[in-house]
Amino acid sequence: MSSHPFDFHFTSAIVSRVAASLKDAALYQRDVREVMNIEKARNQHQEYISTLRKLGLDVIELQADESLPEGVFVEDTAVICDGTALICRPKTTGRLKEIEIIRTILRREGLAVVDIDDPLATIDGGDVLFTGREFFVGLSRSTNMAGAKAVASAFPEYPVTLLRVKKSIHLKNFVSMVATDTMAIGGSAVAKDLLRQMEENGDYSSYKVISLKDDAAANCLWINGTVLHLPVDSRYGESIRILLNRLGSTTSHAELNNSEFAKVDCVISSRCLLFNRPKENNTNDR
């Protein structure tokens, strides 16, 4: 394991605009009780994209495709590290077209594209947490053991630890990286169980853990030295204030409103796919 962890600096991001079909698909597929306001969601997403650009990212913005209602959640399509992109395999076959689109883009951007050989494997990127030193992969309704093994195969230079997510949502709904060797984690029973598993089974034992009351507040994006988090004046304000206090006044941070996407259990990190362009933009497949 490297003594110098990845610093979470990125050159690029892929995002997708919000399809109007997401509202109805969410009600049907996710059995949600609150109806999304699509126009409000689109406004929130444009602010999200603007924030990414302000952080110096070259943002590749895909047009909305009404046949792909969940296309805005691009994080699920790939796991990217050190110039290699593992193309994920969704359990929902209706999302396969999303995968093909992202594969094409990442190949064009010069990343080494890795496909999963096992036909029984399923995996979403939202179940994969890279700490800069190792991978934690959540076994959930979306990701199975074969999918987790694909992460270990694609990134043999890093340890991979499996975690059982005792709820039918993604691992990153409970935990994220917010600084070097520092993670924020929620306060639910599920989150506490995940922390126990990480402490017992993880390869690296010196993480700083910021425990928060609210699971939603624990999902952040740490990009180019800035932590993106939910608004302080949201319902999770108490947790956000604790997070910022623990990070310290020298940490750069910015707010992202996620209220409409939270209605379908989707967190901040789900709406972008971060990567670094290779210095030499050569196309490699393996």
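Student: Which strands does helix α3 lie across, and at about what angle does the helix run to β2?
Tutor: This is a predicted model. Helix α3 covers residues 96-108. The helix lies across β1, β2 and β15, and its angle to β2 is about 150°.

Student: In what order do the three strands of the open sheet come?
Tutor: The pairing in this sheet is mixed. The edge strands, each pairing on one side only, are β2 (58-62) and β15 (273-275). From one strand to the next, the twist averages 20°. The order is β2-β1-β15.

Student: How do β1 and β15 run, parallel or antiparallel?
Tutor: Strands of a sheet pair through backbone hydrogen bonds, in one of two directions: parallel or antiparallel. Strand β1 spans residues 12-16, and three bridges join β1 to β15. Isoleucine 14 has leucine 273 of β15 opposite. β1 and β15 run antiparallel.

Student: Helix α2 lies across which strands?
Tutor: Helix α2 takes in residues 38-54. Relative to β2, the helix runs at about 155°. The strands under discussion are β1 and β2.

Student: Is asparagine 224 buried or exposed?
Tutor: Asparagine 224 sits in the loop between β12 (221-223) and β13 (226-229). Its relative accessible area is 19%. The cut-off for buried is under 20%. Asparagine 224 therefore counts as buried.

Student: Which backbone nitrogen does the side chain of asparagine 224 reach?
Tutor: Leave aside the neighbours within four places in sequence: asparagine 224 is then in contact with Phe8, His9, Phe10, Leu55 and Leu57. A polar atom of the asparagine 224 side chain lies 3.0 Å from the backbone oxygen of leucine 55. The backbone nitrogen is reached at 2.6 Å, and it belongs to phenylalanine 10.

Student: Which residues are the closest to the centre of the second largest pocket?
Tutor: Rolling a probe the size of a water molecule over the atoms shows where empty space is left. The second largest pocket has a volume of about 550 Å³. Its lining has 29 residues, and the closest to the centre are Phe8, Phe10, Ile80, Lys172 and Leu274.

Student: Which element gives the most to the lining of the second largest pocket?
Tutor: The elements that give two or more residues to this lining are β3 (78-81), β6 (128-130), β9 (175-179), β12 and β15. The top contribution is four residues, and it comes from β3.

Terms used: Residues are numbered from 1 along each chain as its sequence is written. This is a predicted model: local features need pLDDT of at least 70, side-chain atom pairs count only at pLDDT 80 or more; totals for chains, interfaces and linings use all residues. Side-chain values use heavy atoms; hydrogens and water are left out. Buried means under 20% relative accessible area, exposed over 50%, partly exposed in between (1.4 Å probe, protein chains only). A polar contact is a pair of N or O atoms within 3.5 Å; within protein, one must be able to donate a hydrogen and the other to accept it, and residues adjacent in sequence count only if both atoms are side-chain atoms. Contact means heavy atoms within 4.5 Å. Two strands pair if DSSP finds at least two bridges between them. Axes are lines fitted to C-alpha atoms, for helices over the stretch in contact, and angles run from 0 to 180 degrees between N-to-C directions. On a 1 Å grid over the protein atoms alone, a cavity is a set of points where a 1.4 Å probe fits but cannot get out, and a pocket is an open set with protein on both sides within 12 Å along at least five of seven lines; lining residues have an atom within 4 Å of a point. Grid points are joined across faces, edges and corners, and a volume is the space filled by probe spheres set on the points.
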